[in-house]
Amino acid sequence: MENLGVGDSWKGRRVLVTGHTGFKGSWLSLWLLESGASVYGLALEPQGPSSLFNQLQLSNSLDHAICDLRDFEGVKERVDEVDPEFVFHLAAQPLVLKSYVDPLATWNVNLLGSLHLLEALRLLGSPCAVVMITTDKVYENRGVNHFYSEGDRLGGFDPYSCSKVALEIAVESWRKACDFTGKRKGIRIAVARAGNVIGGGDWGADRLVPDIVRALLANQVVELRNPDSIRPWQHVLDVLSGYLLLAEMLSSSDGRRYEEAWNFGPEPTEIRTVRELAEAILEIWPGIWRETGPTCSNGQHEAEFLALSIKKAQEEFGFTPRWNFSESVRRTVEWYRCVSNGTDALEMAREQLSAYLAA
């Protein structure tokens with residue numbers, strides 16, 4: 001497992017990545033392409049010319065298809081066309097604040113859209129390993145400093161979190177129903193829960209690092225809503241290494257034993273506050289910040305403390321983060337500064353992927 005992504009384990013494998021035009025989807029697609037996989041995408045259009053997908057020119061390297069998860073016939077047609085050996089389901093409405101503004105769309109995409117994918121795979125009936133991506137926010141937050149483990153009670157608060165909890169329940173039901181009817185046909189499915197991901201190329205709205213970078217590029221003061229909130233910040237490549245490991249485990253001879261939920265996050269000593277992340281960035285890329293007051297003043301809820309226990313994945317298949325908090329921040333800032341100063345984004349991404357694999 002130390003040579004994850006550089007041997008022949010992914011060479012020539014047909015991999016479907018939903019949400020391949022997003023931040024994590026773009027990094028995952030690049031990693032798979034560099035490993036020799038045949039990568040097929042299913043997603044909405046990338047958000048603007050500055051999106052990481054466009055910066056990496058991935059449409060020239062993978063089989064790129066635009067499709068809305070809410071369009072079952074379109075999803076089925078794409079799944080039938082690809083006949084994937086592996087599926088990484090990242091496509092989602094991923095923003096907590098947006099889920100308050102448009103909860104119905106959030107539920108339609110995150111739950112119904114995901115069920116469309118599962119149904120298309122069931123009807124196709126080909127063996128494959130499926131990693132469904134949810135979030136650390138699926139846990140019932142007790143308002144205490146607790147590292148959530150996979151056996152803890154689920155119970156999201158906001159529409160985004162609840163939609164992901166519903167997805168996990170649906171996945172478990174799907175497994176049981178297919179086993180009961182004898183229609184599993186070699187499809188193995190697991191859930192991956194990850195924390196707050198950082199890394200170069202994220203331009204999403206209402207996300208801390210992109211907001212900081214946009215302020216710095218515009219020579220503006222960085223605004224922090226909840227500086228004392230604690231999150232399991234982790235570099236995107238560490239999270240993706242967990243997804244890839246899990247997919248490999250699912251495809252092994254005893255893969256059905258891995259059909260569970262798995263946490264992927266940093267080591268317990270590496271969690272930090274919003275304030276600490278901002279100050280670590282500003283120490284490398286000089287700027288100033290100010291507190292603007294909590295987002296929750298309008299009644300919306302955000303947890304103050306979120307952290308994951310990764311003991312299960314460490315013990316069961318050797319998942320270990322390679323970059324600590326300081327290195328993750330350094331690599332993230334390096335990417336944004338170099339690319340904003342003219343370095344080719346694809347060259348920068350390949351360089352960081354090589355450095356990660358050599359870590």
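In the predicted model, helix α9 passes helix α11 in a right-handed crossing. Two packed helices are described by the angle between their axes and the distance between the axes. For the pair formed by α9, which spans residues 274-284, and α11, which spans residues 325-340, the axes come within 10 Å and cross at roughly 55°. Because angles from 65 to 115 degrees count as roughly perpendicular and those under 35 degrees as roughly parallel, α9 and α11 are classed as oblique to each other.

The contact between these helices involves Glu276, Leu277, Ala280, Ile281 and Ile284 on the α9 side, which meet Phe325, Val329, Arg330, Val333 and Arg337 of α11. Sorted by class, the contact of α9 with α11 comprises seven nonpolar and three charged residues, with no polar residue taking part.

Most residues other than glycine have a negative phi. Gln57, by contrast, is not a glycine and yet has a positive phi of about 55°; this residue is placed in the loop between α2 (52-55) and α3 (72-82). With a relative accessibility of 38%, Gln57 counts as partly exposed, since that class lies between the limits of 20% for buried and 50% for exposed residues.

A positive phi, of about 50°, is likewise found at Asp83, which is not a glycine. Asp83 lies in the loop that runs between α3 and β3 (86-89), and its relative accessible area of 26% places Asp83 in the partly exposed class.

Conventions. Residues numbered from 1 in each chain as written. Predicted model: local features only at pLDDT ≥ 70, side-chain atom pairs only at ≥ 80, totals over all residues. Heavy atoms only, no water. Axes fitted to C-alpha atoms, helices over the stretch in contact; angles between N-to-C directions. Helix = DSSP H or I, 4+ residues; strand = E, 2+ residues; numbered from the N terminus. Parallel < 35°, antiparallel > 145°, perpendicular 65-115°, else oblique. Left-handed = near helix turned anticlockwise from the far one by under 90°. Contact = heavy atoms within 4.5 Å. Nonpolar A, V, L, I, M, F, W, Y, C, P; charged D, E, K, R; others polar. Buried < 20%, exposed > 50% of the residue type's maximum accessible area, 1.4 Å probe, protein only.
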